[in-house]
Amino acid sequence: MFIVFEGIDGSGKTTIASMVANELKSHGYKIFLTEEPTRTWLGEAVRRGIKEEKNPFTQAFLFFADRAEHIREIKKHIERGEIVICDRYIYSTYAYQGAQLSPSMGLEKALKWLETIYSPIRLDPDVVILLTTSPLRGIGRIKNRERRESFERREFLERVQKIYVYLAEKYGFEIVDSDTSIEAVFEKVKEILRKFDIIP
Ligand code: TYD
């Protein structure tokens with residue numbers, strides 16, 4: 001079983017993913033909780049690429065390298081019968097790099113290109129949960145994590161979220177509005193896990 005959480009910065013993915021991991025552990029499952037960018041040197045290279053504002057193609061390939069290794073790791077855990085919970089996955093690249101690349105190549109072409117490069121290595125999740133939030137609120141939540149609070153950032157995250165919502169329709173994600181309390185979001189997420197027969 002492979003569960004993915006997606007959403008813009010500050011949407012609460014990381015908190016919810018760890019709450020879900022604890023919940024599933026309490027039901028006796030063995031859990032592999034993981035994230036992208038990863039905590040490996042490849043993930044560090046990705047973070048450095050973001051910090052140094054490398055061009056979108058460079059960033060896309062850094063994410064690709066990190067993810068190609070990560071997918072192999074994820075497969076190993078799934079084969080062992082564990083539940084893998086991943087905080088961000090391929091759809092982060094579609095949404096963020098899609099938004100970054102769209103001014104130069106158009107969104108449709110950018111998404112098609114990204115989907116093509118991932119097609120040989122893609123491992124499809126069983127459930128993708130998209131947490132949506134107003135970008136302003138999201139930025140407010142991460143302010144303390146030394147993130148830029150610029151108008152451009154807000155506009156950018158608005159575009160990223162629009163792409164996410166489009167992808168949700170295309171790939172059948174479950175959408176949860178996270179502009180409520182963490183408890184309410186967690187309840188909604190548990191309902192989804194019940195629907196998929198993951199918890200009773
Ligand atoms: P994030 O999950 O916020 O990492 P951290 O835990 O270090 O805060 O991811 C870092 C940034 O990278 C975030 O703004 C989203 C972006 N990102 C992409 O642009 N493409 C991707 O494929 C991924 C996984 C993340």
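Q: Hi! In the largest nonpolar core, which residues touch the most other members?
A: Hi! Those are F2, Y89, Y91, Y94, Y96, V160 and Y164, out of the 37 residues in that core. Keep in mind that this is a predicted model.

Q: Thanks. Which elements give two or more residues to this core?
A: The contributing helices are α3, α4 (90-105), α5 (107-118) and α7 (151-171), and the strands are β1 (2-7), β3 and β4 (127-132).

Q: Let's pick out Y96. What does Y96 touch, leaving aside residues up to four places away in sequence?
A: Y96 touches G7, I8 and D9, then R88, and also R153, F156, L157, V160 and Y164.

Q: How many residues are in the second, separate core?
A: That second core has 21 residues, including I16, A21, I31 and I192.

Q: New topic: how many salt bridges does the structure hold?
A: The structure holds 16 of them. One of them pairs E82 with K30, at 3.8 Å from N to O.

Q: Why does the E82 and K30 pair tie together parts that are apart in sequence?
A: E82 sits in the loop between α3 (56-79) and β3 (83-87), while K30 sits in the loop between α1 (13-26) and β2 (31-35), so the bridge links parts 52 residues apart in sequence.

Q: And is E82 buried or exposed?
A: E82 is buried, at 5% relative accessibility.

Q: Which residue does R39 meet in a salt bridge?
A: R39 pairs with E35, at 2.6 Å from N to O. R39 counts as exposed, at 64% relative accessibility.

Q: What about E52, which residue is its salt-bridge partner?
A: That would be R48, with the closest N and O atoms 3.0 Å apart. E52 is partly exposed, with a relative accessible area of 40%, and R48 is exposed at 57%.

Q: Which residues do salt bridges with shared partners join into one network?
A: D9, R88 and R153 are joined that way. D9, R88 and R153 are also among the residues that Y96 touches.

Q: Last topic, the helices. At roughly what angle do the axes of α4 and α5 cross?
A: They cross at roughly 140°, and the axes come within 8 Å. That angle makes α4 oblique to α5.

Q: Is that crossing of α4 and α5 left-handed or right-handed?
A: The crossing is right-handed.

Q: Which residues make the contact?
A: From α4 they are I90, T93, Y94, Q97, G98, L101, S102 and M105. From α5 they are L107, K109, A110, L111, W113, L114, E115 and Y118. Y94 is also one of the residues that touch the most other members of the largest nonpolar core.

Technical notes: Residues are numbered from 1 along each chain as its sequence is written. This is a predicted model: local features need pLDDT of at least 70, side-chain atom pairs count only at pLDDT 80 or more; totals for chains, interfaces and linings use all residues. Side-chain values use heavy atoms; hydrogens and water are left out. A salt bridge is a side-chain nitrogen of Lys or Arg within 4 Å of a carboxyl oxygen of Asp or Glu. Helices (H or I, at least four residues) and strands (E, at least two) are DSSP runs, numbered from the N terminus. Buried means under 20% relative accessible area, exposed over 50%, partly exposed in between (1.4 Å probe, protein chains only). A nonpolar core is a set of buried Ala, Val, Leu, Ile, Met, Phe, Trp, Tyr and Cys residues joined through side-chain atoms within 4.5 Å. Contact means heavy atoms within 4.5 Å. Axes are lines fitted to C-alpha atoms, for helices over the stretch in contact, and angles run from 0 to 180 degrees between N-to-C directions. Angles under 35 degrees count as roughly parallel, over 145 as roughly antiparallel, 65 to 115 as roughly perpendicular and the rest as oblique. A crossing is left-handed if the near helix is turned anticlockwise from the far one by less than a right angle, and right-handed if clockwise.
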